[in-house]
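Please consider the structure shown here with attention to its pockets and to the contact between its chains. The paragraphs that follow take these topics in turn.

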Amino acid sequence: MSNLILKFSLPFILLFILLVLFCRALFFSHPHELPSALIGENIPTFQLPDLMQDHGFFTQDQLRGHVSLLNVWATWCSACYLEHDMLTTISTAYHIPIFGIVYKDNKTTVHAWLKKHGNPYVMIGDDANGDAAIDLGVYGTPETFVINPDGKIIYRQIGAINEEVWNNILLPLIKKYRVET
Amino acid sequence: MKFILIIFILIYSHCTHPLNLDTYRFPSSNDAERFKSLIKEIRCVVCQYQTIDESNAPLAVDLRTKVYQLIIAKKSNETIKNYLTQRYGDFILLQPRFNFATALLWCLPFLGILMIFFLPIILTKSSI
C-alpha cells in the first residue's frame, strides 16, 4: 500500500523539487554577478600610462607588497561617482592603498573630475582602449579587485562599494591579510 | 500601405544587421569564416543573452576586435576560447564545456529520455 502511494506521489515530488529549483533560479539568482575566473590567480600583467606623471607607467608590480584595492572606473559612470566618497573614506580612515584604472576615458576630463571630487588613488593607469580591462575580465564599471601582498586577486566586487559591502565583505578580507603580514 | 511596409522593412533591416563585417579585413576567406562562426559562440557578458555578433554594447565591440586580432595573429579557435574563458570564465561560451560543474547539465537530458522508456516498464511490472 505504502509502495503504491510512493509510486503515485513520485512524479509530484519530482515536480516539486523542479519548481523549487526554478523559483530559486528565477527570483534569487544574480545573473549579473558573474564569478571572476581570476580569483586566486596572479593579476594579469599590464602597463598603462600613469595619469599623474607624464612619462611614468602603472604596472602590476606596483600592486605587490601590500594588500590593496584595484578600482576600475570612469568619469562617465554614475555608479563610480556614488562610490567615490566611500573610496575616500577607505583611503583616509583605513589607510588602504587604492589603485585606479580609468576605463575608456579622456585624460583631461579625469583630471578635472579628480580636482572637483578629490583623489583617493595612489596611482591611476589610463586604459584608453580597454585592453587591461579585458585582461582583468571586467565587463562594467565600477569593479574593484582586492589584491593580496603576493599580487594575487582574492576578491572581485562588482558594482559600487557602499558601507555595507565595505564593512561586511571587503574589510574582513583585508583585515585577515593585515594580521598575517 | 506600401509606404508603411517599406518603412517597416527599412527599420527592421537596420535592426537585424548591426554588425558590418566590412570593418574587419582578413587575409583569407577561411579566417573570415572562422571569425564569423566564433563570434556567434561567444556571449556578450553585458547583455547576457546575446552573442557578441548580435550585440552592439561597447564591450561586445571590444571583444569582437579582440577576437579579430587573435585570428590575425594566427591563433587557433581553441586558443581564442581559452583566452576568453581565462578572463571571463566558462560563462562567456554560449555552449558550456563539459566539466565537473556542467556534467549534470549535459547528462540530465539523456537520463530523462532513458527515464521515459524505463520508468513505465518498472512501474507497471512491479504493480502486477
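The lining of the second largest pocket comprises six nonpolar, three polar and two charged residues. In this predicted model, that pocket has a volume of about 190 Å³. Both chains contribute to its lining: chain A supplies A:His30, A:Pro31, A:Glu33, A:Leu34, A:Pro35, A:Ser36 and A:Ala37, while B:Tyr88, B:Gly89, B:Asp90 and B:Phe91 come from chain B.

The largest pocket has a volume of about 700 Å³. Its lining is made up of 16 residues, which divide into 13 nonpolar, two polar and one charged. Which residues lie nearest the centre of the largest pocket? They are A:Leu18 and A:Leu21 from chain A, together with B:Leu104, B:Leu105 and B:Leu108 from chain B. Two helices each supply at least two residues of this lining, namely helix H1 (2-27) of chain A and helix H5 (103-127) of chain B. Of the elements involved, H1(A) gives the most, with seven residues.

The size of an interface is often given as the accessible area lost when the parts come together. For chain A and chain B, the buried area is about 1500 Å², and 56% of it lies on carbon and sulfur atoms. Within the area that chain A buries against chain B, A:Lys7, A:Ile134 and A:Tyr139 supply 37%, more than any other three residues.

How many salt bridges are counted between chain A and chain B? The count is three. A salt bridge joins the side chains of A:Asp131 and B:Lys66, with an N to O distance of 3.1 Å.

How values were computed. Residues numbered from 1 in each chain as written. Chains lettered and ligands numbered in written order. Predicted model: local features only at pLDDT ≥ 70, side-chain atom pairs only at ≥ 80, totals over all residues. Heavy atoms only, no water. 1 Å grid on protein atoms, 1.4 Å probe; cavity = no way out; pocket = protein on both sides within 12 Å on 5 of 7 lines; lining within 4 Å. Points joined across faces, edges and corners; volume = space filled by probe spheres on them. Helix = DSSP H or I, 4+ residues; strand = E, 2+ residues; numbered from the N terminus. Nonpolar A, V, L, I, M, F, W, Y, C, P; charged D, E, K, R; others polar. Buried area = accessible area lost by both parts, 1.4 Å probe. Salt bridge = Lys/Arg side-chain N within 4 Å of Asp/Glu carboxyl O.
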